[in-house]
Amino acid sequence: MKKVLVLEDEANIRSFVVINLKRAGYETIEAGTGAEALEQLKRHPDIRVALLDIMLPDEMDGFEVCRRIRASSSKIGIIMLTARTQEMDKVTGLMTGADDYVTKPFSPAELTARVDAICRRMGDDAPAADAGTISAPPFLLNTRNRTLEKNGQRVKLTQVEYAIVKLFMDNPGKALSREEILRSVWGEKYYGELKIVDVNIRRLRLKIEDDPQTPTYITTVWGYGYKWGF
Ligand code: CA
C-alpha cells in the first residue's frame, strides 16, 4: 500500500484528509508539526507523497519542511495545503520544490485525484518498453532511473520536472500548448490552474538553461505554450 504523509496541525482537517486517503486505498502517516513530519519521514523512507500544511504553530512552517525534504530527496511527491488567502504562497511553495498545491477547503475527490496523479507520475505504472535513454545533446535523459544529465553532470529534478523534460524530449521542435502539458504531466483529472505549468517551467529553466533569462532549450511560444529547441 502506498504511504502518504499528512502534516496538518488542525486535528479535524487532518482526520478528514486521513479518512479520505484511507478510503482511496492509501496508508497514512500523520504529523502535527514540522519536526514530527521529518521524524516520520526518517522512520518511513518508503513514503511516496507528503501533504504539507503551510501554516503551522511552531517555527518550522510547511515551506521549511518542503525545503528540508527536497534537500535530501527528489523522489517524494510534495503537495502543499494552502488557505485561500495565501495566493502568493502557492508560487513560493512551488519554487521551494513542491509538485502541486491544493487550496482549502478542498473536496475529498479533488485531494485524492491530486495524490493519484502524483503517484502515477512517479512511474508506478511506467511501461517496461519505456526503459532506456533519450539523447538530445547536451542532455541525456535516462528513462530507466528517471534522471537527467547535462554535459555528463546530473541535474537534480523533481518528478514533475522530469515528466516535463521527458514530454519535451519525446516531442522535439513541436509547440506544446500549456493545456497539453498540463494534461500530459498532471493527468486528465487534474483540477488545478494552468499557471502551475509556467511556474514549473520557470523553475526547470533555472536548472537546465545556460542563461535562464534567454532560454534556448525550453522556448516560449507566445500565447500558446512551450517548445523544446527552436
Ligand atoms: Ca495549519
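Tutor: Happy to! Let's begin with a pair of facing residues: Asn142 has Thr147 in S8 as its bridge partner. This is a predicted model, where local features need pLDDT of at least 70 and side-chain atom pairs count only at pLDDT 80 or more, while totals for chains, interfaces and linings use all residues. Residues are numbered from 1 along each chain as its sequence is written, and side-chain values use heavy atoms, with hydrogens and water left out.

Student: How do S7 and S8 pair?

Tutor: Strand S7 (residues 139-142) and strand S8 (residues 147-150) are antiparallel, with four bridges. Strands (E, at least two residues) and helices (H or I, at least four) are DSSP runs, numbered from the N terminus. Two strands pair if DSSP finds at least two bridges between them.

Student: And which residue in that hairpin takes a positive phi?

Tutor: Arg146, with phi near 55°; the hairpin of S7 and S8 has four residues between the strands.

Student: What about S8 and S9, how many residues sit between them?

Tutor: Two residues, and in that turn Asn151 has a positive phi of about 50°. S8 runs antiparallel to strand S9 (residues 153-155), joined to it by three bridges. Leu148 has Val155 in S9 as its bridge partner.

Student: New topic: which residues hold the calcium ion's protein donors?

Tutor: Asp9 (OD), Asp53 (OD) and Met55 (O), lying 2.2 to 2.3 Å from the ion. Donors are N, O and S atoms within 2.8 Å of the metal (3.2 Å for Na, K and Ca); water is not among the atoms, so sites may look incomplete. Along the chain, the donors of the calcium ion have the spacing D-x43-D-x1-M.

Student: Is Asp53 buried or exposed?

Tutor: Asp53 is buried, at 3% relative accessibility. Met55, on the other hand, is exposed, with a relative accessible area of 55%. Buried means under 20% relative accessible area, exposed over 50%, and partly exposed in between (1.4 Å probe, protein chains only).

Student: Where is Asp58?

Tutor: Asp58 is in the loop between S3 and H3, and it is partly exposed at 28% relative accessibility. Leaving aside neighbours within four places in sequence, Asp58 is in contact (heavy atoms within 4.5 Å) with Thr33 and Gly34.

Student: What order do the strands of the S10, S11 and S12 sheet come in?

Tutor: The order is S10-S12-S11, in an open sheet with antiparallel pairing. Strand S10 (176-177) and strand S11 (218-221) stand at the edges with a single partner strand each, so one side of each has no neighbour in the sheet. Within S12, Lys227 stands opposite Thr219.

Student: Last one: where is Lys166, and what does its side chain meet?

Tutor: Lys166 is in helix H6 (residues 159-170). Its side chain makes a polar contact of 2.8 Å with that of Asp170. A polar contact is a pair of N or O atoms within 3.5 Å; within protein, one must be able to donate a hydrogen and the other to accept it, and residues adjacent in sequence count only if both atoms are side-chain atoms. Lys166 is buried, with a relative accessible area of 15%.
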